[in-house]
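Reader: Could we go through this interface together? I would like to begin with a single contact and then widen the view.

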Amino acid sequence: MINNFLKKVRKAPWVLGQRLTKKPASDQSVISDLFIWRCSQDWNTYFELLDMASLFGDHEQHQIDIIFFNDRGNEFHRQSIELSGLYRQVLDISDTLSALGELSGDYGTFAVFHQQIPSGVSEIKSFLSERGYVSYQYKNASLRSYMHGNLDAIDNSLAPLGGSSLISRRYNLQYLLKPNKDYEIALVNASLPKKIVEFNVVSFSGKAHIRERIVLKSRQVFVLPIKNLPSDSRLIIRSKMIMARPAIFCFDNNKVDVFHG
Amino acid sequence: MSYYPILTAPYCSGKTILYNFSPNNWESADRCKQHINLTYIEDGLWHSKTIGKMAYNSYKEFTHNDVVGLMPDDALALLSVTKNKLPDASEVLPVLTQNHTYMPMHRATLGLESEFTTTSYQGELDPFPIQASLLTFSPFMQFGEGIENYLLLMNLEKTPKNREVEIEIYDAHSKELKKVQSIYSNQVNTISLDDAGFNRESLPVVICKGMASAPLYFSSYKQGELLSLEHTHPPASLVVHGNRFSAQKQLKDYWLSQLKK
């Protein structure tokens, strides 16, 4: 019993007042992840538009708003899209962005906000959250690699909902980085304050291979390239994010595997 | 602490990478050498064997070849990392209590390796309640010559049985029943989606009234030349805050009442 009490006391500075996801200010808010788009000669990005209100049994015509941010977290495009009910609807993000003309970078983020909230969701004081499925096509490969959304990152007033920690935390990615593969590690700041983030790629004996310290503005995404590792390694991310879970792009020659940390 | 299965899928062998370090630095975890256990069903009991030890801050890779001969050929191979040895035999799946973290969960890399490439996700497997059901929408099917699509339904229950139930696969829009297939508890069940008559506009919905599972969607191009693997979120993940599991119940009640054989 004393042990449990001591455990709780030790944990208190890490948890008190530090929620993973803040509640939006308005009861009528809807929430989205900040999904990563990649658009270049090598990359095409797609998003699976699921009509959430239809999934809850509401069969009216529904719409979403999609909002694009550049790699510095600044909005540069938004549009509304009619949903097609319970049919599958794949949004070609690269086509959408290419139609805008020259982009300021080849990656950024986007958010998808559903305009209709099923009544059953409001009644239970929950918020509809789009954490759906992005797929990436690398070098026009015949197969795309899928990655699910991860965070309840932002509401439709564009207020970031990610919590902040009082003390700097370590996110020890439980993934083996291999010398014969290349990687790109993408991390989004879904909180309001800017965050100092330190990426450390270390061998299992503790030898540092890569150390990079950056400042991530709110909604900003950063991509850390990892190449030519001398030995099996792992990644440690230190920041005041509650959950600094990155997306991982693993390159094996011309093949890519994409997944969440 | 969770179990970590070795996956199976067409053209691939499973590869699971275990880690003996905590995914964060603030939830209590033992920093010590730990046992690596292999748990499986044989003769109506759970059996566990220690198949190695792991130093703190290390990893170990396991493929099916590493466990062939240690357990029956058709059994689900469950790996775990624990401070204490597991019972040699038990009537209930051993509960793994040590080193449990929540933000994030302690994970392993669950991968599939073909002759040409690999795909993986970061995951874990905990036992499902026997009364639970499954509802998953699948926007992951890919189309084109040489592409095959499979649903891998991964179940774990406490009772050492392979009980048989049926899954039903429908078109979400027409509610037409497309396929029925038997699946088994405590297995990775492989279900082809290509013979169900879906096209690019179809949104498949999979239900199982008698068993819950982790739904993994797996696609292969040219017999493993390219691979894609991702899981869907549980229905509760469509909302955040409030009574999320009431949202899950709403969705399951709605779809289980709509979809009838």
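**Contacts between the two chains**

Author: The model is a predicted one. In it, the side chains of A:K11 and B:E27 form a salt bridge, with an N to O distance of 3.9 Å.

Reader: How many salt bridges does the rule find across the interface of chain A and chain B?

Author: The rule finds two salt bridges there. As for polar contacts, 40 residue pairs are counted between chain A and chain B, both residues being at pLDDT 80 or more.

Reader: Which elements of chain A give two or more residues to the side that touches chain B?

Author: Among them are the helices α1 (2-15), α2 (52-55) and α4 (119-123) of chain A. Strands are represented too, including β8 (127-130), β12 (164-172) and β19 (255-260) of chain A. The largest share comes from β12(A), with five residues.

Reader: And what is the make-up of that side by class?

Author: The side of chain A that touches chain B has 28 nonpolar, 16 polar and 21 charged residues.

Reader: Turning to area, how much do chain A and chain B bury between them?

Author: About 5800 Å², of which 57% is on carbon and sulfur atoms. In chain A, the residues that lose the most area to chain B are A:R88, A:L143 and A:Q174, together 16% of what that side buries. In terms of residues, 65 of chain A are in contact with 66 of chain B.

Reader: One more topic: in which sense do β8(A) and β19 of chain B pair?

Author: They pair in the antiparallel sense, over two bridges, the chain B strand being residues 239-240. Within this pairing, B:V239 of β19(B) stands opposite A:L128.

Note on methods
Residues are numbered from 1 along each chain as its sequence is written. Chains are lettered from A and ligands numbered from 1 in the order in which they are written. This is a predicted model: local features need pLDDT of at least 70, side-chain atom pairs count only at pLDDT 80 or more; totals for chains, interfaces and linings use all residues. Side-chain values use heavy atoms; hydrogens and water are left out. Contact means heavy atoms within 4.5 Å. Buried area is the accessible area (1.4 Å probe) that two parts lose on being put together, summed over both. A salt bridge is a side-chain nitrogen of Lys or Arg within 4 Å of a carboxyl oxygen of Asp or Glu. A polar contact is a pair of N or O atoms within 3.5 Å; within protein, one must be able to donate a hydrogen and the other to accept it, and residues adjacent in sequence count only if both atoms are side-chain atoms. Helices (H or I, at least four residues) and strands (E, at least two) are DSSP runs, numbered from the N terminus. Ala, Val, Leu, Ile, Met, Phe, Trp, Tyr, Cys and Pro count as nonpolar, Asp, Glu, Lys and Arg as charged, and the others, Gly among them, as polar. Two strands pair if DSSP finds at least two bridges between them.
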